[in-house]
Amino acid sequence: MARIIATALRICKQNFPKRFSSENLPKRPDQYRIATLLCADTIAAVGVTVTILGSGSAGNCTLIETETTALLIDVGLSGRQINDRLAQLGRHLTDLDAIVLTHEHGDHTRALPVLCKQHRLPVYANRLTAEAITDELQSELLIAWHLFTSGTPFSIGDLVIEPFPVPHDACDPVNFLIRHQSHAIGILTDLGHVTRLVVERVRAANLLILEANHDVRLLQNDTARPWSIKQRILSRHGHLSNEAAASLAGEIAGEHLHHVFLAHLSRDCNRPELATRAVGEQLYRRGARHIRLTVATQDAPTTPVTLGT
Ligand SMILES: [Zn+2]
Ligand SMILES: [Zn+2]
């Protein structure tokens, strides 16, 4: 028994140093019993939490947190919006360990100069993306680049990030499967079509952030957009329609998938109810009625969702 308690305490101390500093470690048997309960509580409460700070064609940013690690996937809102929305969650830029980028488009990188001036965070991207951003900035701003290679997993704290290539009109765009212990989060936005590789990479996800960019009919009937822009969005290197998102969600829906966030909705060429209906009907047809479906919005953070409790 004593050995089990000692092992539990060691694991807690290693993994959750904020809660289990050496001063907090118990010294008497009764304290050990209390600590064991606390360990059980802590282990039960530990997980990985996902909050989309904002998503849509005008900007994308997602916060992923564990007990020991916090990072932003893309920073396409304004610096002020990101700071404000972190504050709403009781977080600050200095609580973060890194920024991780999918590609160089402004709706994923807009706040990078402001945030990097404010706090020198490591910024993870692949080489071509980092070069495209550096060329675009044309400033003396020194970004603390950490380069990864598409297809090669890397770790930030207790998160393992698996980047994989997606078809999109950027230099070397990627999406991610992010693993924490036995849980996996799929991030799938900004891709013109779903490749077999994409399906296989996100198949393990327990939570999926999935692009449902446009309703094809609304996009085709939109008089404000020139034909060339419509063609770009609809192309095999553009963005996923509601129907394409529904088809992918249906393909990977299974017992393991608990939550789907619909993301990167076009303000003009989509409606939350159209995206929800398209994907919801597909999940219903597949008998996957346990999956929660939430639409992420441009203007406010989503309710945080924790895997592992
Ligand atoms: Zn893009
Ligand atoms: Zn985008």
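Predicted model: local features only at pLDDT ≥ 70, side-chain atom pairs only at ≥ 80, totals over all residues.
Visitor: How do you know whether Asp190 is buried or exposed?

Guide: A residue is buried if 20 or more other C-beta atoms lie within 10 Å of its own, exposed if 12 or fewer, and partly exposed in between, with C-beta atoms placed from the backbone. Asp190 has 28 other C-beta atoms within 10 Å and is therefore buried. This residue belongs to the loop between β10 (183-188) and α7 (196-202). Helices (H or I, at least four residues) and strands (E, at least two) are DSSP runs, numbered from the N terminus.

Visitor: What places His264 in the buried or the exposed class?

Guide: His264 is buried because it has 29 other C-beta atoms within 10 Å. The loop that holds His264 runs between β12 (259-263) and α11.

Visitor: How do you know the class of Leu77, buried or exposed?

Guide: Leu77 counts as buried because it has 26 C-beta neighbours inside 10 Å. Leu77 sits in the loop between β3 (70-73) and α3. Not counting residues up to four places away in sequence, Leu77 touches Leu53, Gly54, Gly59, Cys61, Ile82, Arg110 and Ala111; such a contact requires C-beta atoms, placed from the backbone, within 7 Å.

Visitor: What shows how the buried residues of α3 are arranged about its axis?

Guide: In helix α3 (residues 79-88), the buried residues are Gln81, Ile82, Arg85 and Leu86. Viewed down the axis, they fall within an arc of 130 degrees, so they line one face of α3; the arc is that of the directions from the helix axis to the C-beta atoms. Arg80 and Ala87 are exposed on the other side of α3. Among the elements that cover the buried residues of α3 are β1 (48-54), β2 (61-65) and α5 (112-118).

Visitor: Why are the buried residues of α6 assigned to a side of the helix?

Guide: The buried residues in helix α6 (residues 127-137) are Thr129, Ala130 and Ile133. Their arc around the axis is only 100 degrees, which puts them on the same side of α6. They pack against α4 (106-109), α5, β5 (122-126) and β6 (144-148).

Visitor: Why are α10 and α11 given their relative orientation?

Guide: The axes of α10 and helix α11 (residues 272-285) cross at roughly 30 degrees and come within 8 Å. Axes are lines fitted to C-alpha atoms, for helices over the stretch in contact, and angles run from 0 to 180 degrees between N-to-C directions. Angles under 35 degrees count as roughly parallel, over 145 as roughly antiparallel, 65 to 115 as roughly perpendicular and the rest as oblique. Hence α10 and α11 are roughly parallel to each other.

Visitor: Which residues of the largest nonpolar core touch the most other members?

Guide: They are Leu210, Ala245 and Leu262, in a core of 69 residues. Helix α10 (residues 242-252) contributes the largest share of this core, six residues. A nonpolar core is a set of buried Ala, Val, Leu, Ile, Met, Phe, Trp, Tyr and Cys residues joined through C-beta atoms within 7 Å. Leaving aside neighbours within four places in sequence, the contacts of Leu262 include Leu210, Ala245 and Val279.

Note on methods: Residues numbered from 1 in each chain as written. Chains lettered and ligands numbered in written order. Contact = placed C-beta atoms within 7 Å.
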